[in-house]
Amino acid sequence: MGSSSSLRGPSPRLLPPLLWLLLLLPSCRCQSLSPACGRPFQQGRVLGGENAVEGEWPWQVSFFYRGFHTCGGSVLNKHWVLTAAHCFDQVLNFLDLFEVFAGFTDLQMSDGQGQRREIAMVIIHPRYKLTHPNGNDIALVQLKTPLKFTSFVLPVCLPSPTIDLQKTNTCWVTGWGKMRVSGTLVHRLQEAQVPLLDQLLCQILYGSFVLIQEDMICASDLSKGKSPCEGDSGGPLVCKFNDTWVQIGVVTWGRSCTTPLYPGVFARVPYFSMWISSSIKSVIISRSTANIASWITLTTPLLFLHVLRIH
């Protein structure tokens, strides 16, 4: 090839200083919800109310507070976990006392494929408790260090706001909650298949058209009395769509987990899909802006010293 080229760009001397700065910045690896979500390597083999198979629900996490399981959650991507707002609204000043367990089926097993992470921040829905104590009960948890995806730790899929829930009849709830009200929390992950209930039917069963609101969804096996219980809060309700598991609920509340006429109530994830996505993106954008601002304030000699260090 010759020494000249018709594709040669403008002289570097003509580039403005800010453009030079942007070119020298390290590339931004923005977080995004993983496209390979909702596809566990291990398939379930038992029906509800039984021990879950290891690796069957790889998005399930446990929140430990002062060494004890308190709530469940679900992995959205390597950095973010979805849970219920009431799991954190009273302890936001004590996040350093929490630990997130991912990839665990048995919480008493300290070895194996599990991963432990600390919490960086919690975002509670801004309308939580504004309508009544159980409304908008949803929160996002950012991890201090990202998870490593394995066959035991994978993300669940988020639904679109307009997902048609009539197109599925395979829905499961999972958690380490009590098997009965007077019992204790279990150490082995439990699973139960629960049908989704019509909103009007749920309102009738609870005797209120106000208590069950549009941001909620009800699911329980009324004939067999299968429903979430204490300790399951924050955990996922997932449904299968075309061989892909999609989270459509977050365990929030119920009148009694042993009274079959009162179904379990979940935060309706499709209702919050836009809030979830925009909240995660806003954190990414704000941090990227802060990083750029810190670069701009560096003096020129210090700036190029830092550039030399990162290359």
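In sorting residues by class, Ala, Val, Leu, Ile, Met, Phe, Trp, Tyr, Cys and Pro count as nonpolar, Asp, Glu, Lys and Arg as charged, and the others, Gly among them, as polar. With these classes, the lining of the largest cavity in this predicted model comes to six nonpolar, four polar and one charged residues. The residues that line this cavity include Val53, Trp57, Pro58, Phe104, Phe152 and Leu189, together with Glu56 and Gln60. The space inside amounts to about 70 Å³, and the count of cavities of 30 Å³ or more is one.

The largest nonpolar core holds 51 residues, among which Phe63, Phe88, Ile119, Leu140 and Ile276 touch the most other members. Two or more residues come from each of several elements, including strand 2 (60-65), strand 7 (119-124), strand 14 (244-253) and helix 3 (269-296), and helix 3 gives the most, with seven residues. Beyond its neighbours within four places in sequence, Ile119 is in contact with Phe63, Phe88, Leu95, Phe98, Val100, Val141, Gln142 and Lys144. A second core, separate and made up of 16 residues, includes Cys37, Ala192, Ala219 and Phe266.

Confidence should be kept in view while reading these features. The chain has a mean pLDDT of 78, with 69% of its residues at 70 or more. Over residues 17-33 the pLDDT is below 50, although the model gives this stretch 29 contacts beyond near neighbours in sequence. Among the elements, strand 4 (residues 80-83) has the highest mean pLDDT, 98, whereas helix 4 (residues 300-310) has the lowest, 39. Residues 292-311 likewise stay under 50, and the model has 18 contacts for them beyond four places in sequence.

Notes: Residues numbered from 1 in each chain as written. Predicted model: local features only at pLDDT ≥ 70, side-chain atom pairs only at ≥ 80, totals over all residues. Heavy atoms only, no water. 1 Å grid on protein atoms, 1.4 Å probe; cavity = no way out; pocket = protein on both sides within 12 Å on 5 of 7 lines; lining within 4 Å. Points joined across faces, edges and corners; volume = space filled by probe spheres on them. pLDDT = per-residue confidence, 0-100. Helix = DSSP H or I, 4+ residues; strand = E, 2+ residues; numbered from the N terminus. Contact = heavy atoms within 4.5 Å. Core = buried A, V, L, I, M, F, W, Y, C linked by side-chain atoms within 4.5 Å. Buried < 20%, exposed > 50% of the residue type's maximum accessible area, 1.4 Å probe, protein only.
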